[in-house]
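Me: I'm new to this one. Can you walk me through the structure?

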Amino acid sequence: MELIRGLHNIRPHHQGCVLTIGKFDGVHRGHQAVLSNVIRKAREMALPATVMVFEPQPEEVFNPEHAPARISVLRDKYEMLRALGVDRLLCVRFNRQFASQSAQSFVHDLLVERLGVKFLVVGDDFRFGKGRQGDFNMLLEAGKRDGFAVASTRSFRMHNCRISSTAIREALDVGDFALAEEMLGRPFAVRGKVVHGDKKGRTIGFPTANVFMNRCNTPVHGVFAVRVGVNKQMYQGVANVGSRPTVSGSRTLLEVHLFDFNGSLYGQPIVVYPVAKLRDEKKFASFEALKEQIQLDADAARIALTI
Ligand SMILES: Cc1cc2nc3c(=O)[nH]c(=O)nc-3n(C[C@H](O)[C@H](O)[C@H](O)COP(=O)(O)O)c2cc1C
Ligand SMILES: Nc1ncnc2c1ncn2[C@@H]1O[C@H](COP(=O)(O)OP(=O)(O)O)[C@@H](O)[C@H]1O
């Protein structure tokens with residue numbers, strides 16, 4: 001899959017595509033259904049299946065305090081789209097200047113002139129351009145004029161519920177990882193590289209591999225029983241996602257203690273699968289009290305992992 005990073009990297013040979021535009025946060029089963037239609041159409045028309053995403057996402061620019069947590073960071077999205085068979089990922093840098101262009105110019109200058117779209121798939125509630133003035137009907141009109149077809153996606157339902165990134169975030173928030181997995185079509189995971197911390201964990205018998213959380217914004221918070229993939233091996237463990245109020249931490253970290261493991265993980269990529277939520281993070285009166293609680297968490301995690 002080709003990654004086109006920014007509009008300035010679109011070249012004349014990128015003319016002609018079957019295109020879909022969206023956030024694709026989580027690349028869940030609803031997204032997967034849309035993408036498989038895009039790919040089928042692209043193969044039929046002998047054109048590249050192209051996905052346009054915005055980075056950062058519009059809410060993160062306009063309303064950063066209230067932007068929803070990401071289910072998948074761009075890197076994970078890239079991997080999943082590639083695995084599904086998408087040919088090109090166009091990642092548009094979203095900022096106020098980009099957002100201020102008119103709906104007409106977005107369609108005509110970008111979609112038609114530069115990308116040469118022949119078939120466009122968007123949700124029927126898709127809005128775009130300055131003041132969100134562009135909508136599905138405007139795309140249909142433009143398509144008649146400029147020679148491209150437009151199709152809308154229908155909601156993908158499961159147990160009579162619409163699968164959505166919001167529904168998945170809600171499931172993750174309450175620790176319903178089985179439901180999140182059903183909607184995602186794979187288990188939810190947090191990935192990252194192990195960084196150095198304060199070296200306090202080892203002094204209480206719980207060394208923890210620390211991973212920075214992207215954008216300090218994650219859909220899971222608290223203490224979890226987890227499975228951890230390191231170097232093609234799976235371990236069990238207990239993890240905390242939070243800001244560590246007891247030791248006056250600030251930025252959000254994932255910290256994971258692996259059971260029955262003794263070695264160095266610094267610099268290694270790890271993948272952490274939460275299995276059960278044990279409790280919320282809290283501030284303890286002393287580090288000693290926190291240590292006692294972590295021992296209880298570890299015991300509870302071992303039990304949760306055997307069920
Ligand atoms: C299972 C588990 C639960 C934790 N719960 C909390 C908590 O409730 N509150 C808190 O302030 N820190 C919590 N922590 C974070 C500890 O403060 C942290 O692991 C310790 O300070 C060691 O940090 P270091 O890895 O940077 O040395 C938890 C850590 C683990 C592994
Ligand atoms: N069972 C284990 N679980 C997690 N990390 C471990 C384990 N055993 C050894 N380590 C190593 O110890 C480091 C964590 O020790 P810690 O004292 O908490 O230091 P830091 O503050 O740098 O995370 C990990 O990054 C990893 O390299």
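Reply: First, a term: helices (H or I, at least four residues) and strands (E, at least two) are DSSP runs, numbered from the N terminus. Axes are lines fitted to C-alpha atoms, for helices over the stretch in contact, and angles run from 0 to 180 degrees between N-to-C directions. This is a predicted model: local features need pLDDT of at least 70, side-chain atom pairs count only at pLDDT 80 or more, and totals for chains, interfaces and linings use all residues. Residues are numbered from 1 along each chain as its sequence is written, chains are lettered from A and ligands numbered from 1 in the order in which they are written, and side-chain values use heavy atoms, with hydrogens and water left out.

Me: OK. At what angle do helix 5 and helix 6 pack?

Reply: About 45°, with the axes 11 Å apart. Helix 5 covers residues 103–114, and helix 6 covers residues 136–146. The two are therefore oblique to each other. Angles under 35 degrees count as roughly parallel, over 145 as roughly antiparallel, 65 to 115 as roughly perpendicular and the rest as oblique.

Me: Which residues meet there?

Reply: From helix 5, Ala 103, Gln 104, Val 107, His 108, Leu 111 and Val 112. From helix 6, Met 138, Leu 139, Ala 142 and Asp 146. Contact means heavy atoms within 4.5 Å.

Me: What about helix 7 and helix 8: how far apart are their axes?

Reply: 8 Å, at an angle of about 155°. Helix 7 is residues 165–173 and helix 8 is residues 177–184. They are therefore roughly antiparallel to each other. Ala 167, Ile 168, Ala 171 and Leu 172 of helix 7 touch Phe 177, Leu 179, Ala 180, Met 183 and Leu 184 of helix 8.

Me: Switching topic. Which domains is the chain divided into?

Reply: Domain 1 (2–162) and domain 2 (189–306). These bounds come from an automatic or database domain assignment. The C-alpha centres of the two domains lie 36 Å apart. Their contact takes 10 residues from domain 1 and six residues from domain 2.

Me: How much area is buried between them?

Reply: About 560 Å², with carbon and sulfur atoms giving 47%. Buried area is the accessible area (1.4 Å probe) that two parts lose on being put together, summed over both. On the domain 1 side, Ala 69, Arg 70 and Asp 76 lose the most area to domain 2, together 55% of what that side buries.

Me: Now the backbone. Is the peptide bond from Glu 55 to Pro 56 cis or trans?

Reply: Cis, with omega near -5°. Pro 56 sits in the loop between strand 3 (49–55) and helix 2 (58–62).

Me: And what is the phi of Ala 46?

Reply: Positive, about 55°, although Ala 46 is not a glycine. Ala 46 lies in the loop between helix 1 (29–45) and strand 3.
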